[in-house]
Amino acid sequence: MKTIISIFVVTFTFAGLAFGECSVADKKALEAFDHAWSVAGEKGDRAALNNILADDYVGLPAMISKTQNIEDTMRTFEQNKANPQNTDLFSSDNYMISCTPMTATITHRNVVTTKNGMGGKEETFYSRSVHFLEKRGGKWQAVSSANHNLDDYGVLMYMEYDWVNAEVKRDTSWLEKNFANDYSGISSLTGKITSKAEDIAGMKNDKSVTEFAEATDMHIRIESNSAIVTGIYRTKGRDEKGQPFDRRNSYTDTYIKRDGRWQVWASQGTLIP
Amino acid sequence: MKQILFTMAITLALPALILCQTNGKNANKNGGDEQSVRQTINDLAAALGRNDVAALDRIYADDYVVTNENGEMTNKTTRLAAIKSGSLKFESVVFSEINVSVYGNAAVARFRGTSKVQSTGGQPLGGDLRVTTTLVKTKGRWQIVAAHVTRIGEQ
């Protein structure tokens, strides 16, 4: 997975150098294009889909044509309309976008949550899409797409990034969903052991402000039904007394694959200079 | 007739006996694993206290990594070499407050470690510590694949 991302980064960097920067406005417009594509699919908007997909569009790896893609989308729309309670929840995030005046590449993660997963339980699937676009007749059109499911390494890598975002946004629902019920954490500041409930309460009551957070030097190992992620977690912000802080932690997170999904089982950090 | 009834009774009773044994075995499985993990942690304390490289070689998985109380990461080869050369020497090691969670072939053991350590180079090691270890059962044997150490009450 890391190799795949490295290839993306190298490809995009090279494209950027060769053809000039893709402006922030260009990237916003392309992300809006992608969202409009999703909305057209959700609403069964055949006319919009017809505009979004180029006539020679090909969906990989199954070599799906424009017509077939639209028919498949419409069929799913009709099924969802007939059974709204069984409709999968779909969202896209972690966008990486590059462009030249006439071509663009959009890649993003897909998160699909189905209510009827393994054993009738809710289940979430992750994949990554790459869309290749061309500007034709003054408007962007998708000429091809590829989609592949994330492997366990990819899922875990994104869980780490999502966790960092949850910390910044004080999103306790992420902890609620992704921490195992028998989770335990050890504070990098005090060495105190905390439970899932205590970590959630701690996040709710935390008066400090995190202005910046990132996980780097990430290394993921999968051992049987468990995974160990090590890395460096840096946070910058202001503590509850308003004093600025800039902390770096060397951390180890242990995950367990339970009920068909990865859950955070243990986490421990140690402050480093 | 008696013979037939006896055979039937045996035939019916055997699966029940086997079922009971299986259930009993399964019921004890987690408890047995938890005991084995605890034993591995106790063996670790003893091996560190003796600076016993051969024992540690069995306890640590080949891809073992530890993040020590200074946040430095070390793999099995480097750690064992340091103990063997004497550049890392444990004078005393006591583990307490051991808490074990087992799920399938994976386990997490958290405990308090109090140690006196002599090390050449780098920052001082040892003291009052909190440790999380991740263990994996391979070929029926629990081994430590990762450990993380933090000093207690630093702030």
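Select A:Gly59 and A:Ile64 to begin: A:Gly59 stands opposite A:Ile64, which sits in β2(A). You're looking at a predicted model, where local features need pLDDT of at least 70, side-chain atom pairs count only at pLDDT 80 or more, and totals for chains, interfaces and linings use all residues. For finding your way, residues are numbered from 1 along each chain as its sequence is written, while chains are lettered from A and ligands numbered from 1 in the order in which they are written.

Now show the whole of β2 (residues 64-65) of chain A together with β1(A): the two pair in the antiparallel sense over 2 bridges. Strands here are DSSP runs (E, at least two residues), numbered from the N terminus, and two of them pair if DSSP finds at least two bridges between them. The hairpin they form has 3 residues between the strands, and A:Met63 takes a positive phi near 55° there.

Click A:Leu60 and you'll find its bridge partner in β6(A), A:Ala146.

Zoom out and colour chain A by domain: domain 1 covers 2-150 and domain 2 covers 153-272, with bounds from an automatic or database domain assignment. Their C-alpha centres lie 30 Å apart. The contact between them takes 9 residues from domain 1 and 6 residues from domain 2; residues are in contact if their C-beta atoms, placed from the backbone, lie within 7 Å. On the domain 1 side, β5 (residues 123-136) of chain A gives the largest share, 3 residues.

Next, bring in chain B. Here 27 residues of chain A are in contact with 27 residues of chain B. On the chain A side, pick β12(A), the source of the largest share, 7 residues.

Last stop: the largest nonpolar core, with 46 residues, of which A:Trp265, B:Ala107, B:Leu135 and B:Ile144 touch the most other members. Such a core is a set of buried Ala, Val, Leu, Ile, Met, Phe, Trp, Tyr and Cys residues joined through C-beta atoms within 7 Å. Buried means 20 or more other C-beta atoms within 10 Å of a residue's own, with C-beta atoms placed from the backbone (exposed is 12 or fewer, partly exposed in between). β6 (residues 141-151) of chain B gives this core the most, 6 residues. For a second, separate core of 15 residues, select A:Trp37, A:Tyr57, A:Cys99 and A:Trp140, which are among its members.

Notes. Helix = DSSP H or I, 4+ residues; strand = E, 2+ residues; numbered from the N terminus. Contact = placed C-beta atoms within 7 Å.
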